[in-house]
Structures are given as structure tokens and as C-alpha cells.
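Student: I've got a structure open on my screen and I'd like to learn how to read it. Could we go through a few features together?

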Amino acid sequence: MEIFEATHTTQNPAASDKIKVALAQIAPVWLKREATLQKVADAVELAGKQGCQLVTFGEALVPGYPFWIERTDGARFNDPKQKAIYAEYLEQGIVIEDGHLDGICAIAKKFSIAVYLGVMERAANRSGHSLYCTLVYIDQNGEIGSSHRKLQPTYEERLAWAPGDGNGLRVHPLGRFTVGGLNCFENWMPLSRAALYAQGEDLHVAVWPGGLHNTEDTTRFVAKESRSYVISVSGLMRPSDFPEDTLELAEILENSNDFLANGGSCISAPDGSWVVEPQVGKEVLITAELDHAVVRGERQNFDPTGHYSRPDVTRLLVDRKRQQLADFIDAE
């Protein structure tokens, strides 16, 4: 995999203020969970060997985004073709409780590197027969710190994904930074962003299935609004990334261009300037050093949930209970 290393020059000599991050812009082995997890493992190891403290991946990377829906008449109700594709999608989903991410956790622990990874989750507490677009945070000790199920699937995603809950609206300490993340269009949801800002987030990870049209504006806007570093990490998808045994492959390819997802991964500084401009059309590991002193400086004139907030006038209520259909009370 190509490595793109960015330089972000600051006047601060304090090493304790700095962390090195990585963005793994890769394609899945589509609807192949184990093969895609192997690509993820290889990228985590590569980032670890580059001395990174955090590596990030795109939305729904494991086992892949539901690209078939808009290319195969996916809104047709009770259609055998759509049922067959969904059944395979479900079969290849991630069940965290079954240990599907244990290998990634082990590599994270080995290299003392945190991971943000987008997966399709078969949620054990919701019967295991629906899929949630989940952003999983694995800490530097290899422990899963949060699993954020996307609150609102977007447009055709609603034909394959269930709406999530607020349980994963959490942040995590990482060196001097406090890191949090959201899935795709959640990064346009003001209250979801505010829920992370209020917890002290100053390094925001926005994950996308892949698309310059999503990252080139939103990344810098969120950075300016939050006065935080913003990582936008995208997946990649080309016609050649579909395995030959993909269901309805001919129809999918007939209705696809050179890229189904063209990447666009990038990093913005807290003032909205580019640390890494969007990278398009290639699998690449992007690395960059970030400086917490830059965050502190930008908060001098605007801190959205600190001195530039008015909780006596406007406040946000966040329900972080994990939603489930039934609570069972058994006799002792």
C-alpha cells in the first residue's frame, strides 16, 4: 500500500502535545468478512510500524457498503433477488460478541495503536437479524471502548440498515487529545456533533463510504465549528473490487462507473486549513502528526461548549441507553 506522509509544521516543541495518526483508505473484499478483516489487520500493522497512535477506516468497510441497492432496483418490495443479496450481507456482518474483531484488537494491543473501524454489525441484543452501521473504537490496550450505531441511515441505506441509538456517543482519551467519531451524514447532524463537543472532543473522526463530494466541504466546516482537528476517512470501491462470485454482479457493474466510491480522505486543522488535502482514487495509508497546542490556541476566541456556550439558555439532552426490545426479569 502506498504511504502518504503529511507535514504539519508548528512552533511547539513539546512532544507530549503531539500524536501521529493514520487514515487507511482501502477497499473491502466486498461481502467477504474475513478477507476484508485481513486487509484491515494489515493496515493496522503498517500504521503501527509507522509509529502511529491512531488508525482510522471508512464507513461500513467490513464487509462493505450496500452498493447494490441503487444499481439493482433495490426498492422493489418482497423481491427474491433483493432478499438473496441481503441474506448474504447479513451473513457476512460483524457479531462483536462472537469475537469477530478479536484479531484486530490483538494487533492494536501489540502496537499500542487505537483504531476507529466502520463495520456492519449484527447486533446480538436486537436478535442478530438486522444490520447496524457501527463505528467501533478500539483503544491502545486492544479493548473495545465504544460501538456507535448510526442514528439515521441515509436514503437507500434505510433498505438495508436499521437506525441505531445514542449508546456510542462517547469520546476517548488519546494522549493530550480527546477523540470521538460519527458515521457519514451524522457529521451533518448538529446535535450529534454537539453531544461529542460537550464531552471535550478535540479530535473528530468522520467516516465515509468514500466520496470527495462529502469530504471536501464538511471536513473543514466541522473543524472551524468545533475548533478541532477533523479526520475524514473514506473507503474506496472500484468495479475490480467485487469478487467474481458476487450476486447480481453483471447488473451491478452495468450500472456503475469507474468508481463507486472514490475516496477523498483528508485532515483539516482547527482553523479549517488543510493538513492533508483530499486523496482520491487510490488505496493509500495517510499519516500526519497533530499538535494539541494548535487546538488550545484556536479555542482562545471560540469554544463551542465552553466559554462560547450558554447552557442557561440552550442545553442538549442525550439518551445513551442501549436500545433493546425486551428486558427479562428472571427468578433467582
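This is a predicted model: local features need pLDDT of at least 70, side-chain atom pairs count only at pLDDT 80 or more; totals for chains, interfaces and linings use all residues.

Student: What do strands of a sheet pair through?

Tutor: Backbone hydrogen bonds do the pairing, and strands can run either parallel or antiparallel. For a spot to look at here, find Gly 118, which stands opposite Leu 135 in β5.

Student: In what order do the strands of the open sheet come?

Tutor: There are seven strands, and the order is β1-β14-β2-β3-β4-β5-β6, with mixed pairing. The edges are β1 and β6 (144-149), each of which pairs on one side only. From one strand to the next, the twist averages 25°.

Student: On to helices. At what angle do α1 and α3 pack?

Tutor: Helix α1 (residues 33-49) and helix α3 (residues 102-111) pack at about 5°, and their axes are 10 Å apart. Angles under 35 degrees count as roughly parallel, so α1 is roughly parallel to α3.

Student: Which residues of α1 and α3 make the contact?

Tutor: From α1, Leu 37, Val 40, Ala 41, Val 44, Glu 45, Gly 48 and Lys 49 take part, and from α3 the residues are Ile 104, Ile 107, Ala 108 and Phe 111. By class, the contact of α1 with α3 has eight nonpolar, one polar and two charged residues.

Student: Now single residues. Is Asp 17 buried or exposed?

Tutor: The cut-off for buried is under 20% relative accessible area. Asp 17 comes out at 3%, so it counts as buried. You'll find Asp 17 in the loop between β1 (2-5) and β2 (18-25).

Student: Which side chains make polar contacts with the side chain of Asp 17?

Tutor: One is the side chain of Asn 12, at 2.8 Å. Another is the side chain of Arg 176, where the polar contact is also 2.8 Å. Leaving out residues up to four places away in sequence, Asp 17 touches several others, including Phe 177, Leu 290, His 292 and Arg 296.

Student: And where is Thr 72?

Tutor: Thr 72 is in the loop between β3 (54-56) and α2 (80-91). Its relative accessible area is 0%, so Thr 72 is buried too.

Student: How far apart are the C-alpha atoms of Thr 72 and Glu 251?

Tutor: They are separated by 6.4 Å, although the two residues are 179 residues apart along the chain. Glu 251 is one of the residues that Thr 72 touches, and Lys 81, Ile 85 and Ile 252 are also among them.

How values were computed. Residues are numbered from 1 along each chain as its sequence is written. Side-chain values use heavy atoms; hydrogens and water are left out. Helices (H or I, at least four residues) and strands (E, at least two) are DSSP runs, numbered from the N terminus. Buried means under 20% relative accessible area, exposed over 50%, partly exposed in between (1.4 Å probe, protein chains only). A polar contact is a pair of N or O atoms within 3.5 Å; within protein, one must be able to donate a hydrogen and the other to accept it, and residues adjacent in sequence count only if both atoms are side-chain atoms. Contact means heavy atoms within 4.5 Å. Two strands pair if DSSP finds at least two bridges between them. Axes are lines fitted to C-alpha atoms, for helices over the stretch in contact, and angles run from 0 to 180 degrees between N-to-C directions. Angles under 35 degrees count as roughly parallel, over 145 as roughly antiparallel, 65 to 115 as roughly perpendicular and the rest as oblique. Ala, Val, Leu, Ile, Met, Phe, Trp, Tyr, Cys and Pro count as nonpolar, Asp, Glu, Lys and Arg as charged, and the others, Gly among them, as polar.
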